[in-house]
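I opened a new notebook page for this protein. My plan was to look things up one at a time and write down what I found.

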Amino acid sequence: MTQKRLSGTAYITVDGTTLMARGSFEVPLSDSNRTPVIANGEVVGYDEQPVAPYCNAEIQISDETDFETITSSVSQTVKCEFANGRKYVLSDAFIQGTPTMNEQGVAQISFSGKRGQWFK
């Protein structure tokens, strides 16, 4: 049986500019969140709530990183490429919350967008 690469290097690109990814990527696999509804001690159905498309990543900020534009723009295209060949693209994306950077220049960023789409 031929082995396929399942993990390793991942890439994040914002409006065509590749950021220096450190790791810890997180994107949703589904566009909804289901929770069980329990009555009389048993599951009788489920509640379904939409999940906003997002991408969380840990990146390295360098002298070339234009973090001012990334944090101020509200209509970006964010592409996350994983080592297994899958790609997740956020449309009309923006930074959610308050991004932070530590003393080594490592930043935790969270993008949210209007649409998230998976590609093989």
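**Thr-77.** The model is predicted, so I kept that in mind while reading it. I asked first: is Thr-77 buried, partly exposed or exposed? Its relative accessibility is 41%, so Thr-77 counts as partly exposed. I found Thr-77 in strand E6. Then I looked up what it touches beyond four places in sequence: Thr-13, Val-14, Asp-15, Val-89 and Leu-90. I also checked Thr-77 against Thr-17. The two are 60 residues apart in sequence, yet their C-alpha atoms are 10 Å apart in space.

**Ser-32.** Next I turned to Ser-32, which lies in strand E3, residues 32–39. Is Ser-32 buried or exposed? Its relative accessible area is 17%, so Ser-32 is buried. The limit for that word is under 20%. Leaving out residues up to four places away, Ser-32 touches Glu-48, Gln-49, Pro-50 and Val-51.

**The core.** I then looked up the largest nonpolar core, which holds 20 residues. Which members touch the most others? They are Ile-12, Cys-55, Ile-59, Val-78, Ile-109 and Phe-111. Strands E1, E2, E5, E6, E7 and E9 each supply at least two residues of this core. E7 gives the most, with four residues.

Apart from neighbours within four places in sequence, its contacts include Ile-12, Val-14, Tyr-54, Cys-55, Val-78, Leu-90 and Phe-94. Pro-53, Asn-56, Ile-70, Gln-76 and Ile-95 are also in contact with Phe-111.

**The whole chain.** Along the sequence, I wrote the pattern as β-β-β-β-β-α-β-β-β-β-β. Buried residues make up 30% of the 120 residues.

Then I checked the dimensions. The radius of gyration is 17 Å, while a compact globule of 120 residues would have one near 14 Å. The C-alpha atoms fill a box of roughly 60 × 45 × 25 Å along the principal axes.

**Surface and charge.** I noted 10 positive and 14 negative side chains. The centres of the two sets lie 13 Å apart.

Notes. Residues are numbered from 1 along each chain as its sequence is written. This is a predicted model: local features need pLDDT of at least 70, side-chain atom pairs count only at pLDDT 80 or more; totals for chains, interfaces and linings use all residues. Side-chain values use heavy atoms; hydrogens and water are left out. A nonpolar core is a set of buried Ala, Val, Leu, Ile, Met, Phe, Trp, Tyr and Cys residues joined through side-chain atoms within 4.5 Å. Buried means under 20% relative accessible area, exposed over 50%, partly exposed in between (1.4 Å probe, protein chains only). Contact means heavy atoms within 4.5 Å. The radius of gyration is taken over C-alpha atoms; the globule rule is 2.2 Å times the number of residues to the power 0.38. Lys and Arg count as positive and Asp and Glu as negative; His and the chain ends are not counted. The place of a charge is taken as NZ of Lys, CZ of Arg, CG of Asp or CD of Glu.
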